[in-house]
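Colleague: I would like to go through the labels on this model one by one. For each, tell me the rule and then the value.

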Amino acid sequence: MIPRRLAKNGIALTGIVIVSLYIIVILVSFFWLPFDPVKIDADHLLEEPSLKTGHIFGTDEFGRDILSRIMKGSLVSLVISLSATTMGALIGVTMGIWAGYLGGRWDNWIMRIADIIFAFPSLLLAIFVMAILGEKTWNVVIAIGIVYIPQFARISRGAILSVKTNEFVRAARSNGASAIFILYRHLLPNILVPIIVQVSLALSVSILLESSLSFLGLGIQPPWPSWGNMLSSARKVMVLAPWTAIYPGFAIVFLVLGFNLLGDGLRDILDPRLKNVG
Amino acid sequence: MAITTNVEAILRVEGLVTGFRTGGGLVRAVEEVSFELHRGEILGIVGESGSGKSVTNLSILRLVQCPPGEVSAGRVLYGGKDLLSASEEEVRLVRGRNISMIFQDPLTSLNPVIKVGKQIAEAIRLHHGAKRREADARAVDMLRLIGIPDAERRASDYPHQFSGGMRQRVMIAMALSCDPEILIADEPTTALDVTIQAQILDLIRNLSAQSGTAVILVTHDLGVVAGMCDSVCVMYAGRIVERATVDDLFYDPLHPYTRGLLDSIPRTDSTGKERLYSIPGSPPNLVDLPEACPFQPRCPKAQEACARERPPEVTMAGRAPRTVRCWLHAGEDHHVS
């Protein structure tokens, strides 16, 4: 039922196609890359994109092939954004659903913690966390994950508040269900839709956050490529060799677009109010 | 199935008091409610909206939302234990396994995103720790028992694929899946249409007779009480005003409120010309009830004592247990022939 509506929904479908393309690129990059993405080649510095040399996206200031670096970097970007979103979602949803379910003082304490995190602009918070933890790949995941905690906490708390007043909660209690059972087996499935949509939107923002951190020199460290640090190093030569910035930029824009379309589409598909329309 | 006093009660409620703290003051929703339930008995609780029928039952299983609700006094004795002073975990184990409950609205009482077979199976696994497959098989058996055709296939349907009556059947299946001793049915047919009502009530009565499950049936339909119950509690303003066997209640109502209720039933032998009787006035606000009989302002037989003091619960002599809370019968030795 949902796959059929997915096929009908052009927005979601476009999103899926774009994201799938990136996944294919990642899979290919495991076995084959046009050039070594980290090998410095002094003979081919800042070469224009050309089919003849094989550098179809050109080379950077160290003579490294841009296409190879984008392909290698896509794995890093996707893995980081997936792990960070997963981390933020797990912690945030757990906090949110318990806050919403328990209510009262618990709700207050948990949500105030979330509010404190929420009070900082996301990039600033991520930079702050990276500065404390140090520049390691997994720390990027932690930094972005922390940024996501309050968003997931708020969404799931609100959703739990609206479903927990349902009669079936009382019916489950009268059947002897414990709080954990009610929360995870009865209520969580009821609020999956907004969470799924938030996950897909968070994925796109985390691509941007990761790129921003790497751009600022706090994320993935050179020589290992990420889209962000490619842009960062392109800054100095951008006027001379615009392709050093354009292609990594496109890589970011398209993946973000893909996740956004997917998120919008999913929201339309999964929204129960539209269930009988599509 | 006349009840006799020598049968041991399986559930005994004594002096139950439940209130709700609201902005307007303390609402005493249930006030000194006492009754007992015997094995296999079907006990009706009747009363108008807000008379405390549902709150009484929610209090028994400690399902009253707290705050604002609070069970402030009384005992609920089940299996040698007082459920009101037992730990939350002890009560949780009683719920569903020994005492289970079905609610008014079957449309919202089932989780919309879980398949019905699975919902029943989970209720079973909760208490018996059965394997998933055993529980699933038992769930299908239960669906078949309550008369859902093509039970195997229907078990993997979602609640919205069932009609209202079918959903209430599923609720009953879930409530009875662990062979409880007591089934509390809180207006099980209010949300259903009339033809389905009869089917559901028949189902409850038959299953109760088969398994010996005692039933507390909350309703505001005296016709249902007459047709199904062995004994009745009539509630008014949070109190049980009269408790009697069905026969005693219908043939010889003692409390003026009960009499009023019976007189308000349309009769098939009336000419259709006269107006249907209704009790004048409306139920009192339960916040700050005065020290008087709460029915006194509406009572056709009100005396001077009624406005001054709350009537005591008078136990009538007779072959079946019978109490009435009215000054008219205070100190009276009433014989039910």
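**Labels and their cut-offs**

Modeller: Start with Arg39(B) and Glu181(B), which form a salt bridge, their closest N and O atoms being 2.9 Å apart. Before going on, the ground rules: this is a predicted model, where local features need pLDDT of at least 70, side-chain atom pairs count only at pLDDT 80 or more, and totals for chains, interfaces and linings use all residues. Residues are numbered from 1 along each chain as its sequence is written, chains are lettered from A and ligands numbered from 1 in the order in which they are written, and side-chain values use heavy atoms, with hydrogens and water left out.

Colleague: Why is the contact of Arg39(B) with Glu181(B) called a salt bridge?

Modeller: The rule asks for a side-chain nitrogen of Lys or Arg within 4 Å of a carboxyl oxygen of Asp or Glu. Arg39(B) and Glu181(B) come to 2.9 Å, so the label applies.

Colleague: What makes that pair a tie between parts of the chain?

Modeller: Arg39(B) lies in the loop between β2 and β3 (42-46) of chain B, and Glu181(B) in the loop between α6 and β7 (182-186) of chain B, so the parts tied together are 142 residues apart in sequence. Helices (H or I, at least four residues) and strands (E, at least two) are DSSP runs, numbered from the N terminus.

Colleague: What makes Arg64(A) and Asp60(A) buried?

Modeller: Arg64(A) is at 6%. Asp60(A) is at 5%. Those values fall under the limit, so both count as buried. Arg64(A) and Asp60(A) also form a salt bridge, with closest N and O atoms 3.1 Å apart. Asp60(A), Arg64(A) and Arg69(A) are linked in a network of salt bridges.

Colleague: Which parts of chain B does the pair Glu31(B) and Arg239(B) link?

Modeller: Glu31(B) forms a salt bridge with Arg239(B), at 4.0 Å between the closest N and O atoms. The pair links distant parts: Glu31(B) is in strand β2 (residues 25-38), Arg239(B) in strand β10 (residues 239-245), 208 residues apart. Both residues are buried.

Colleague: Why is Ser214(A) called buried?

Modeller: Its relative accessible area is 2%, so Ser214(A) is buried. Ser214(A) sits in helix α9 (residues 192-215) of chain A.

Colleague: How many salt bridges does the rule find across the interface of chain B and chain A?

Modeller: One. Arg185(A) pairs with Glu122(B), the closest N and O atoms being 2.7 Å apart.

Colleague: How many residues does each chain bring to the contact?

Modeller: Chain B brings 26 residues and chain A 15, where contact means heavy atoms within 4.5 Å.

Notes. Buried means under 20% relative accessible area, exposed over 50%, partly exposed in between (1.4 Å probe, protein chains only).
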